[in-house]
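User: Could you take a close look at one helix for me and walk me through how it sits among its surroundings? I would like the cut-offs spelled out as you go.

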Amino acid sequence: MGVNRLPLPPIVAVGPTSKTEVLITVYERGGGMETDQREVELVGDAAVHRFARAALLAALLGAVAPVAIPLPFSPAPITLQVLFVFLAGLVLGPVWSAFSMVLYLIAGAVGVPVFAGFNAGLGVLFGQSGGYLWSYPFAAALIGLFVHRGTDVRDPANVSLPVVVTALVAATTLIYGMGSAYMSLILELNAWEAVTAGALPFIPGEIVKIAAAIAIVRSGRLSPTRVR
């Protein structure tokens, strides 16, 4: 049975070149091309997978929009949305979690009712509680940087508990710091009034959300590799 021979590409030889060296060169070139193609396919699959997960977290964040408990002494209601900001940062890492939050903000800005109380529009983003919403991409990215130590995503279930807690507390501080600061600007409040109305009443609820986020990722129900 005959053997099909591939035509050899032109090779410029600086010195004497044996037939063995030519065959090795052709083999390495062919193998390199196959390896590059496989790598491109893997990178493409990973990007699609991460985009889908980012979109899923953005959708979950919007899905809890109806859960909003108004407070008589604060323009910001109690919601579940910060929980999904936590989960995005823990699961997606700094880049894709921030992207997920930006998707969420864009959806709300163009009219999809994904903001607290089933609201939408630019008026909410630039309203009294807009600072909280603008903080979401930054808070999620901050969690991702703390937990994943860079852009490479690892399983948060394997990260030490003090690191995860520190990341979530730092993100909470950022969210309520930006929210209170923006509120003080819009409503012309002093610093203490803004913190009293925009941060302190929410601390007990945030402690519960931190515990819930840690329990979810530790259970393995939500991880960088699967959602069950």
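Analyst: The buried residues of H7 are Glu206, Lys209, Ile210, Ala213, Ile214 and Val217; buried means under 20% relative accessible area, exposed over 50%, and partly exposed in between, with a 1.4 Å probe and protein chains only. They lie on the same side of H7 because they cover an arc of only 135° around the axis, where the arc is that of the directions from the helix axis to the C-beta atoms. On the other side of H7, Pro204, Ile207 and Val208 are exposed.

A word on the ground rules: this is a predicted model, in which local features need pLDDT of at least 70 and side-chain atom pairs count only at pLDDT 80 or more, while totals for chains, interfaces and linings use all residues. Residues are numbered from 1 along each chain as its sequence is written, and side-chain values use heavy atoms, with hydrogens and water left out.

H7 itself covers residues 203-219, which makes 17 residues. From its first C-alpha to its last it reaches 24 Å, close to the 24 Å expected at 1.5 Å a residue; the expected span is 1.5 Å times one less than the number of residues. Helices here are DSSP runs of H or I with at least four residues, strands are runs of E with at least two, and both are numbered from the N terminus. Just after H7, Gly220 takes a positive phi of about 85°.

Now for the packing partner. Helix H5 (residues 161-187) packs with H7 at an angle of about 140°, and their axes are 11 Å apart. Those axes are lines fitted to C-alpha atoms, for helices over the stretch in contact, and angles run from 0 to 180 degrees between N-to-C directions. H5 and H7 are therefore oblique to each other: angles under 35 degrees count as roughly parallel, over 145 as roughly antiparallel, 65 to 115 as roughly perpendicular, and the rest as oblique. H5 passes H7 in a right-handed crossing, meaning that the near helix is turned clockwise from the far one by less than a right angle, with anticlockwise giving left-handed. On the H5 side, the contact is made by Leu161, Val164, Val165, Leu168, Val169, Thr172 and Tyr176. H7 contributes Glu206, Ile210, Ala213, Ile214 and Arg218. Contact means heavy atoms within 4.5 Å. Of these H7 residues, Glu206, Ile210, Ala213 and Ile214 are also listed as buried.

Glu188 lies in the loop between H5 and helix H6 (191-198) and has a positive phi of about 55° although it is not a glycine. At 72% relative accessibility, Glu188 counts as exposed. Gly198, in helix H6, is buried, with a relative accessible area of 0%. Leaving aside neighbours within four places in sequence, Gly198 is in contact with Ser74, Tyr132, Tyr176, Ser180 and Met183. The C-alpha atoms of Gly198 and Ser74 are separated by 6.3 Å, although the two residues are 124 apart along the chain.

Buried residues make up 36% of its 228 residues.
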